[in-house]
Amino acid sequence: MALILAIESSCDETAVAIIRDGKLLSNVVSTQIEVHQKYGGVMPEIASRLHAENIGVVLKESLEKANVTLEEIDAFAVTRGPGLIGALHVGLQCAKTLAFIYNKPLIPVHHLCGHIYANEYIEELQFPLLAIVVSGGNSELVLMKDHLDFEIIGKTRDDAIGECYDKVARVLGLPYPGGIPIDKLSKEGKHTYNLTIPLRGEETFDLSYSGLKTNVINMVHHMEQKGETVNVPDMCKSFQDVAVGLVVERACKAVKEYNVKSVIIGGGVSANSYLRSEMQDKMTALGVHINIPPMWCCTDNAAMIAKVAEHLYERKVFAPLDIGVDPNWAIDKWNEF
């Protein structure tokens with residue numbers, strides 16, 4: 001079986017993983033969260049510069065942990081998109097350089113495919129399945145009838161759910177990333193604020209978070225102007241009920257319509273405790289298998305890219321060395337580059 005080295009640099013984690021025959025030999029991640037916290041979100045230019053500084057160190061550590069050399073690698077895989085264009089460039093240029101020097105195949109991997117296939121570290125995928133991908137930059141419902149067969153049946157019309165969490169956290173004076181403090185404080189609060197439910201009454205699997213974000217921001221500002229105090233735990237609970245409730249409602253609706261065997265969740269927001277418990281309860285009630293990934297699989301890492309790369313290597317999905325990044329690459333176009 002091939003020995004594959006995978007690189008992930010789509011946002012604010014620089015990661016390298018090495019895999020052989022489904023066994024993860026190393027998975028090294030260098031996060032930039034502390035740097036970006038002072039800005040309340042990821043600064044693309046800073047992220048790119050930090051990737052350039054970190055990639056060599058992470059690569060070296062991953063090789064050492066796997067106890068292999070670059071000469072032994074059979075193929076180099078890398079996240080081509082979606083993501084921040086500058087950040088993606090760092091990973092791709094590294095992978096292209098290694099593929100050129102060692103004359104080995106270059107495997108382009110879709111970032112969201114990685115979040116889906118990270119679940120394979122837990123158990124085999126059962127088709128047909130519904131994948132719920134929720135992160136800082138993406139919110140999609142993807143139907144899969146077989147391996148690498150992706151049909152987008154629902155997606156956000158504006159903001160991603162993770163981005164919405166970050167913006168709401170900022171207006172409430174909570175730290176970045178916003179998902180963790182909101183999830184924690186919501187456990188202490190009550191649903192007392194009447195917030196807009198996005199796309200209410202529409203027959204669609206799409207999601208929308210721009211209006212909800214604006215609703216919270218305007219409500220907080222209006223209360224501050226009137227000299228009223230915002231009950232932060234209550235606002236967190238009210239917001240999270242609506243934000244997560246939309247995902248769960250769409251998932252339940254899709255499960256019934258498409259008669260899927262299993263549901264998996266992936267992406268940074270899949271670490272949210274309320275989403276995990278709600279999905280577990282609702283899918284169990286519907287008699288559908290639910291695959292909830294371990295916490296280490298939720299945030300960006302190269303192990304998930306390596307897992308997809310194994311499937312692509314078997315199909316000989318290789319890219320020319322003049323390939324470029326695609327920050328808006330659609331998951332159903334994973335083999336178009």
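The model is a predicted one, so to speak of local features takes pLDDT of at least 70 and side-chain atom pairs count only at pLDDT 80 or more, while totals for chains, interfaces and linings use all residues. Residues are numbered from 1 along each chain as its sequence is written, and side-chain values use heavy atoms, with hydrogens and water left out.

Searching the whole structure turns up 5 aromatic pairs (rings of Phe, Tyr or the six-membered ring of Trp, with centres within 6.5 Å; planes under 30 degrees apart are stacked, over 60 edge-to-face, the rest tilted). One of them joins Tyr165 and Phe239: the ring centres are 4.9 Å apart and the planes stand at 75 degrees, so this pair is edge-to-face. Tyr165 belongs to helix 5 (residues 161–171) and Phe239 to helix 8 (residues 232–258), so the pair ties together parts 74 residues apart in sequence (helices are DSSP runs of H or I, at least four residues, numbered from the N terminus). Tyr165 is buried, at 2% relative accessible area, and Phe239 is buried at 0% (buried is under 20%, exposed over 50%, partly exposed in between, with a 1.4 Å probe and protein chains only).

Phe205 and Tyr258 make a tilted pair, because their centres are 5.9 Å apart and their planes at 50 degrees. Phe205 sits in the loop between helix 6 (179–186) and helix 7 (210–225), and Tyr258 in helix 8, so parts 53 residues apart in sequence are tied together. Phe205 is buried at 9%, whereas Tyr258 is partly exposed at 27%.

Phe205 also has the charged end of Lys253 over its ring, 5.2 Å from the centre (NZ of Lys or CZ of Arg within 6 Å of the ring centre and within 35 degrees of the ring normal). Elsewhere, the charged end of Arg80 sits over the ring of Trp329, 4.7 Å from its centre.

Notes: Helix = DSSP H or I, 4+ residues; strand = E, 2+ residues; numbered from the N terminus.
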